Number of protein chains: 2
Amino acid sequence: MKYAIGIDIGGTNTVFGIVSEVGECIAEDRMRTDAFDDAEEYVRVLTAGIQVLLRSNAEALERDGEVIGIGIGAPNGNYYKGTVENAPNLKWKGVIPLADMIKEFFNLPVVLTNDANAAAIGEMIFGAAKGMKDFFVITLGTGLGSGFVANGKMIYGHTGFAGELGHMIIFENGRMCGCGRKGCLETYASATGIVKTVKKMLRNSNEESILRDMDFEEITSKKIYEAAKKGDKIALDAFDYTGKILALGLANAVAITSPEAIILLGGLTQSGDYIFNPAKKYFEEYLLNNFKGTVKLLPSAISGKNAAVLGAAAMVFSD
Amino acid sequence: MKYAIGIDIGGTNTVFGIVSEVGECIAEDRMRTDAFDDAEEYVRVLTAGIQVLLRSNAEALERDGEVIGIGIGAPNGNYYKGTVENAPNLKWKGVIPLADMIKEFFNLPVVLTNDANAAAIGEMIFGAAKGMKDFFVITLGTGLGSGFVANGKMIYGHTGFAGELGHMIIFENGRMCGCGRKGCLETYASATGIVKTVKKMLRNSNEESILRDMDFEEITSKKIYEAAKKGDKIALDAFDYTGKILALGLANAVAITSPEAIILLGGLTQSGDYIFNPAKKYFEEYLLNNFKGTVKLLPSAISGKNAAVLGAAAMVFSD
């Protein structure tokens, strides 16, 4: 059996684990990302943690297999260079040669890409996109991440940063985006986006709503989901609108790549049918005739606590 | 030397020729497409024309080479099936198995795709995209066609119809499109789109303009170009607006595929700097920071009378 180390680097936490080629995570640990102002110190602690994990599972690994590589999913990860570049939600600024820094501690190949690309490869190797050659993955969290696969290969593009569907401008002069431009898809279709939509709806209507009783700062996508379950009209309207704008962005992307499926994952998809139903309805409406009925909208098949680690490890098996 | 037959099928004319593997068109002929209500009769005349072309060049072909295949660029061409499907500007309705029909007359492999994809392969093999692995081609004619290459391979997608950037919805509830939806990019960024823009500008302003002296039906993209050369403000504003909307669509596509270059061809690009300058300016403005300065906007390097035939033939050499 072959194994890979998967590392998922988030703004707050880093999770890492040992994953088998059949998608089983046999051991996992975590550490804070944001406790380290300095990437070198972070790498020392991370690699020590991985060494501990490997030693405590040495028996299993020696009995039936070998570790063949390390895969990393990181914000603003550049696949070609193995670097993390100016990630807004990490403390380390500039260009960090993370893959090379980790390689110094292990005699193993190290591959690195952004978290959404890692998720896409995870779905292709272990999840909902098994056997597919043309699909893409959308992560609906704080922002909207995406990873595109065409002809069975990840699209990294010329820069290594392809797959920024969240920054497709969907409304010229629309909502302010963290990227400095206006009207990006992720300012509408994300956990953050639906909160903005609810706040706007509360301001612009007199409709009764459970959400009106909260401080504006308390409103989260989870609270909107809970309100929707109770039949709250503002919450339901916000899911409808979010699904609609998401659908418009997805239909535009389909016009370019014509995928077999789009896999949706991340925090906002925990709301299940409340987001999937409007997304599916408007998606079919927005699609060009050629593509109507040809694209499945699917939930992740590896979501759960190990998903990001499995995705990162999957890169090693796909390379 | 290897040769291929290239066939470019347009709504009005069909052009076909014999192209060498170094991109020289050694012989070419043409026929009407719209003279045939029936695809079978069309194929009989077309294949007879190709036979004549092959016979009259038999000496050259026998001396130094062989014909290895036939490539076809056709509206609504499906690469996987070799079919032309419900092309709005062809008289043959339904699904026409054109590749198979032509194969019956020749003992050669036949490949078929849409005209923009053929153009993209032409640029990759013979033109401005030589050596590039990630780029796309935009044809600005009656509509806006596009062909995307990633990882050195054409993106046909799951359906075979990928690359419909012209039908990215750029303004919800925007201009009516021939596809039945509203606000598609091609209703703004195409030879037809700029004419619509000029007509709207003439209606909504009192600005003096050479174009105001024409019948509305006489206004073409070529006339707008001629007016622009004379410094006509409406014409210049229309190019500026067209370049801007084109740039927005291109920037959105770049966010997905991160190409090294975008190659622009087709009727509207005959206007040179009048369309390229505003397109380049707004393109850099619209790009996400990661991509600024990473994408070249280039004119075709195989434009001219044989471009479409070269593109169709190039498919044979790339396959």
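Two strands count as paired if DSSP finds at least two bridges between them, and strands (E, at least two residues) and helices (H or I, at least four) are DSSP runs numbered from the N terminus. With that in hand, let's start in chain A, where Thr14(A) has Met31(A) of S3(A) as its bridge partner. That bridge belongs to the antiparallel pairing of strand S2 (residues 13-20) and strand S3 (residues 25-32) of chain A, which runs over seven bridges. The two strands form a hairpin with four residues between them, and Gly23(A) in the turn has a positive phi of about 85°.

A word on the ground rules. This is a predicted model, in which local features need pLDDT of at least 70 and side-chain atom pairs count only at pLDDT 80 or more, while totals for chains, interfaces and linings use all residues. Residues are numbered from 1 along each chain as its sequence is written, chains are lettered from A and ligands numbered from 1 in the order in which they are written, and side-chain values use heavy atoms, with hydrogens and water left out.

Now step back to the whole of chain A. An automatic or database assignment sets the domain bounds, giving domain 1 (2-127 + 304-318) and domain 2 (135-299). Their C-alpha centres lie 27 Å apart. Taking contact as heavy atoms within 4.5 Å, 15 residues of domain 1 touch 19 residues of domain 2. Buried area is the accessible area (1.4 Å probe) that two parts lose on being put together, summed over both; here it is about 1300 Å², with carbon and sulfur atoms giving 66%. On the side of domain 1, strand S5 (77-78) and helix H4 (115-126) of chain A each give two or more residues, and H4(A) gives the most, with seven.

Next, look at where chain A meets chain B. Each chain brings 42 residues to the contact, and the buried area is about 3500 Å², of which carbon and sulfur atoms give 59%. In chain A, His158(A), Glu172(A) and Ile256(A) lose the most area to chain B, together 19% of what that side buries.

Glu172(A) also turns up in a salt bridge (a side-chain nitrogen of Lys or Arg within 4 Å of a carboxyl oxygen of Asp or Glu). Its partner is Lys244(B), with the closest N and O atoms 3.9 Å apart. Between the two chains the count is two salt bridges, whereas the interface of domain 1 and domain 2 of chain A has zero.
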